[in-house]
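Subject: Structure handover and notes

Dear colleague,

I am passing on the structure below, and my notes on it follow directly after.

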Number of protein chains: 2
Amino acid sequence: MRELHSVSVVLRDVRRYLKLPGEVEVPVEGALGLYSAETVVSTFKLPPKPKSVVDGYAVRASDVEPASPSSPVPLKLSGGVLRPTGEASVRLAPGEAVRIETGALLPEGADAVVPVEDAFEEDGRVYVLRRVAVYENVSLPGEEYDEGLVVVRRGERIRPQSVAGLILEGRESVRVFDATVGILNVGDEIVSGTFFKPFTHVFVKGWFEQHGFRVQELSLARDDIEEIAAWLNRSGAYMSVLLGGTSMGGHDFTVRAVEGLSPEYMVHGFAVQPGKTACLAVKDGKPIVAMSGLPVAALSTLEVVVKPMLRDLGLDVPDYPRVKAVLTRRITVKMGVVGFARVRVYRCSEGLCAEPLMVGGSGSLTSLLRGNGFVIVPEGVEGYEEGEEVEVHLIRGVV
Amino acid sequence: MRELHSVSVVLRDVRRYLKLPGEVEVPVEGALGLYSAETVVSTFKLPPKPKSVVDGYAVRASDVEPASPSSPVPLKLSGGVLRPTGEASVRLAPGEAVRIETGALLPEGADAVVPVEDAFEEDGRVYVLRRVAVYENVSLPGEEYDEGLVVVRRGERIRPQSVAGLILEGRESVRVFDATVGILNVGDEIVSGTFFKPFTHVFVKGWFEQHGFRVQELSLARDDIEEIAAWLNRSGAYMSVLLGGTSMGGHDFTVRAVEGLSPEYMVHGFAVQPGKTACLAVKDGKPIVAMSGLPVAALSTLEVVVKPMLRDLGLDVPDYPRVKAVLTRRITVKMGVVGFARVRVYRCSEGLCAEPLMVGGSGSLTSLLRGNGFVIVPEGVEGYEEGEEVEVHLIRGVV
């Protein structure tokens, strides 16, 4: 068997061959979860001027300094009510107050707001019962939204607060990375479906969708180099993902099809357990990833190779939540090999315990349904002992 | 001001008025991220029979017990190759072997596989160079997929591995909760858009989409009870969310519109900081949530009231990742009030530090763009001290 490639070496080497996905302009309201290709910085302040946060009376704080319930300060009420829909055209002179609603901008001259419950009106005057400090009950310019904030960063997934900021900036569209994937599930037994319906490609599709990628092609192919090569040539996606046909022995139809494209970079065989038969290539700056058709081996390649590779490129691919848990059985991996161990995390007297599930098996959907997380054992570590605290990536919650 | 309602009391009381969303059947391949209304348990085993995990020769382990490189054991090669596409029709007699590919089922009589590199063929015989144990290089029935596994649980969001399991079970569709939301952003200043484009409704839409809900209506309305009531009456969504018009003073158009529906349950005013003006009602078993139009107060209501309420109903609404961080400034909240404090988490000498951002302000999109998480201070706690370790919910990663 050929030498297996170190994951860290591949990740270091591959990045100089890879290009980022192309960029497209999409409407802001449909951009949630996509990867921004722009860094947008905010350009103005909200409120634009001091704004009342209560219903009450805009005043000069200095005018009401001596106010108390026993000696209310009378102020001349200028007419009308300041509302949040319009700019205040009045100017408050000393000794004056004006009715103001929550959300309305303060008039020139005012620097505080007396809440409605701390005053009463009588004969065209308002009597203030309590003093207010300068800017009391006022939201200052920039407090809600400020200049110079990073609304969204290039490479970041667009979150609800970034959508809000883009709308505030008057943007109708935003440039995002066209992060598309084509997935091909390869195998005569996949196409024939004798024992089971093929499902790994749908599982992998779900993984990419969860991570902000759009799966634009999803197909099956026989163990046929020509058929696989034709699919690769026709694929318009940024990343091509092939499942099955990656064996290190004779059943490497997929690998040979990739080889036939004369990619500028290609490795086959990774020091990862499971997932060692994976193959990574770059053709015209775009990644081609061939991986085992077995779901756990595929997940291992996605988490150990694909996710870090995309992050190195500058895409902020999200992590699963992580928790610390105590191992109930040791996990061992050969030195130099990355281990991808499925575990079941549950509450125990130590807090959280993690039970390793079938460490050897790579085809097991069982371990993904029964388990709820995985532990990555780095290259330089031979495993973890029973009783050791490890970091678990949770693919679903702890029951 | 009226007495504020305790969040824990409201959550305890409201659940007996609420119904779950209706159920609809959707295609399995489009079900990722939706809330399953079914519990599906697996009904068969994969592989159905012992299966080879290497290319090689299916044998009886007892036949090759004495094999070694210096004295290979010859076995009679029965014709053909077992492939992963078909059922093995041959039956292996003692002293026989048959070529088998990775993924093919073992024939009757065989109980192990000799890898191709541990044997050679000569004159219609295969010479085995190394012994194999019973079931060596074999995947046993149920190892990949087993009977009795929970493929998906009612109330759980459908994950990639559940989609895979549903496909294996031959399901083309799955019953999910029709978790729909209608959102109305209320305010004369919202409709007029004098100072800024309205954005809180789009922020809230993003929150619901991130949490597996489908937003089917998104509208604006003036401060007009009739207009708000008409929208509520016409809304076909499971949950109605109203933003703005919830003030505890005069500007409570939204609250009065909700009141006008004669809901079977209604509270206005929560002991939550920020977000105290929120209003929760139940009409015909469906929730109506009115909350501040300021984004941070809205987020506080969503996280402190809406998310726990939906979880109590049995929907497994996801959490943000959580980390422990050391507070750089104290957070104080009145006893009996839930605090929702925005923080910025960053790496520091203690590991992770959390800096509270503008604890008082509720309108601040700034704190959501500048910060990356929040801390919830429970009702029974008056806050946390500087230097105390707190749990932070991360709305985006730590830079």
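In this predicted model, six strands of chain B form an open sheet in the order β7-β4-β6-β5-β9-β8, and the pairing within that sheet is mixed. At its edges stand β7 (112-115) and β8 (119-122) of chain B, each of which has a single partner strand, so that one side of each is left without a neighbour in the sheet. From one strand to the next, the twist averages 40 degrees. The pairing of β8(B) with strand β9 (residues 125-128) of chain B is antiparallel and runs over four bridges, and within it F120(B) is found opposite Y127(B) of β9(B).

With strand β26 (residues 389-394) of chain B, β20(B) runs antiparallel, the two being joined by five bridges, and A325(B) has V390(B) in β26(B) as its bridge partner. With strand β23 (residues 351-356) of chain B, by contrast, β20(B) pairs in the parallel sense over two bridges, where V326(B) has C353(B) as its bridge partner.

Helix α4 (residues 200-210) of chain B is mostly covered, since nine of its 11 residues count as buried; among them are H201(B), F203(B), W207(B) and F208(B), and also K205(B). The cover over these buried residues comes from both chains, and includes α2 (160-168) of chain A as well as β13 (180-186), β14 (214-221), β15 (239-243) and α7 (295-313) of chain B. After α4(B) comes G212(B), which has a positive phi, near 85 degrees.

Finally, chain A is divided into four parts, namely domain 1 (7-22 + 178-313), domain 2 (29-44 + 150-176), domain 3 (51-139) and domain 4 (322-394). Taken over C-alpha atoms, the centres of domain 2 and domain 3 of chain A are separated by 38 Å.

With best regards

Definitions and conventions: Residues are numbered from 1 along each chain as its sequence is written. Chains are lettered from A and ligands numbered from 1 in the order in which they are written. This is a predicted model: local features need pLDDT of at least 70, side-chain atom pairs count only at pLDDT 80 or more; totals for chains, interfaces and linings use all residues. Two strands pair if DSSP finds at least two bridges between them. Axes are lines fitted to C-alpha atoms, for helices over the stretch in contact, and angles run from 0 to 180 degrees between N-to-C directions. Domain bounds come from an automatic or database domain assignment. A residue is buried if 20 or more other C-beta atoms lie within 10 Å of its own, exposed if 12 or fewer, and partly exposed in between; C-beta atoms are placed from the backbone. Two residues are in contact if their C-beta atoms, placed from the backbone, lie within 7 Å.
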